Amino acid sequence: MTVQRMDNVGIVVEDLEATIAFFRELGLELEGQFTVEGEWAGRVTGLGDQRVEVAMMCTPDGHSRLELSRFLDPAVIADHRTAPVNALGYLRVMFAVDDLDDTLARLGTHGAEVVGDVVNYQDVYRLCYIRGPEGVLIGLAEELG
């Protein structure tokens, strides 16, 4: 059997409402918000009994989703938000945008900062990485031509 599709990418955050607002500004839609709790959930994650606030965000095309999670119990034990781009493990998610300059201006009002520079990749894409809420690393790509 092969994979049918990717269902979602998960990001753990401290400030769920600010992160929802940031991704709404990027163009994602809030699909639902709920609390997951109990021993059954901990059996999936290996954390035991847990309580987590979850917000599911969906891209406008309906094909990709982000699961934003805020752990109430157990407490968060590690913080990878300021890891550099060459750190091992999951690091960033990239979004295709229509207008990179406009997107950066709008996300700047939510505290986003460009990590390095906005670059032109072989006249095919304008690309950059930004740090969003809580230092979450996000890639943005505007197709040229």
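Biologist: So a salt bridge here is a side-chain nitrogen of Lys or Arg within 4 Å of a carboxyl oxygen of Asp or Glu. How many salt bridges does the structure hold?

Modeller: The structure holds 13 of them. Bear in mind that this is a predicted model, where local features need pLDDT of at least 70 and side-chain atom pairs count only at pLDDT 80 or more, while totals for chains, interfaces and linings use all residues. Numbering starts from 1 along each chain as its sequence is written, and side-chain values use heavy atoms, leaving out hydrogens and water.

Biologist: OK, take Glu-39. Which residue does Glu-39 form a salt bridge with?

Modeller: Its partner is Arg-43, and the closest N and O atoms are 3.0 Å apart. Both residues sit in helix H2 (residues 39-45), 4 residues apart, which is about one turn of the helix. Helices (H or I, at least four residues) and strands (E, at least two) are DSSP runs, numbered from the N terminus.

Biologist: Is Arg-43 buried or exposed?

Modeller: Arg-43 is exposed, at 59% relative accessible area. Glu-39 counts as partly exposed, with 46% relative accessibility. The cut-offs are under 20% relative accessible area for buried and over 50% for exposed, with partly exposed in between (1.4 Å probe, protein chains only).

Biologist: Switching topic to strand E9. How many of its residues are buried?

Modeller: Of the 7 residues of E9 (residues 137-143), 6 are buried, so this strand is largely enclosed by the rest of the structure.

Biologist: Which strands sit alongside E9, and in what sense, parallel or antiparallel?

Modeller: Strand E5 (residues 92-96) pairs with E9 in the parallel sense over 5 bridges. Strand E8 (residues 125-131) runs antiparallel to E9, joined by 7 bridges. To count as paired, two strands need at least two bridges between them by DSSP.

Biologist: Which residues are bridge partners there?

Modeller: Ile-138 in E9 is the bridge partner of Val-93. Leu-137, also in E9, is the bridge partner of Arg-131.

Biologist: And what's in the hairpin of E8 and E9?

Modeller: There are 5 residues between the strands, and Glu-134 in that hairpin takes a positive phi near 60°.

Biologist: Where does Arg-126 find its salt-bridge partner?

Modeller: Arg-126 forms a salt bridge with Glu-142, with 3.3 Å between the closest N and O atoms. Arg-126 is in strand E8 and Glu-142 in strand E9, so the pair ties together parts 16 residues apart in sequence. Glu-142 counts as buried, at 13% relative accessibility.

Biologist: Last one: which residues of helix H3 are buried, and what do they pack against?

Modeller: In H3 (residues 100-108), the buried residues are Leu-100, Thr-103, Leu-104 and Leu-107. They pack against helix H1 (16-26), strand E6 (113-114), E8 and E9, where contact means heavy atoms within 4.5 Å.
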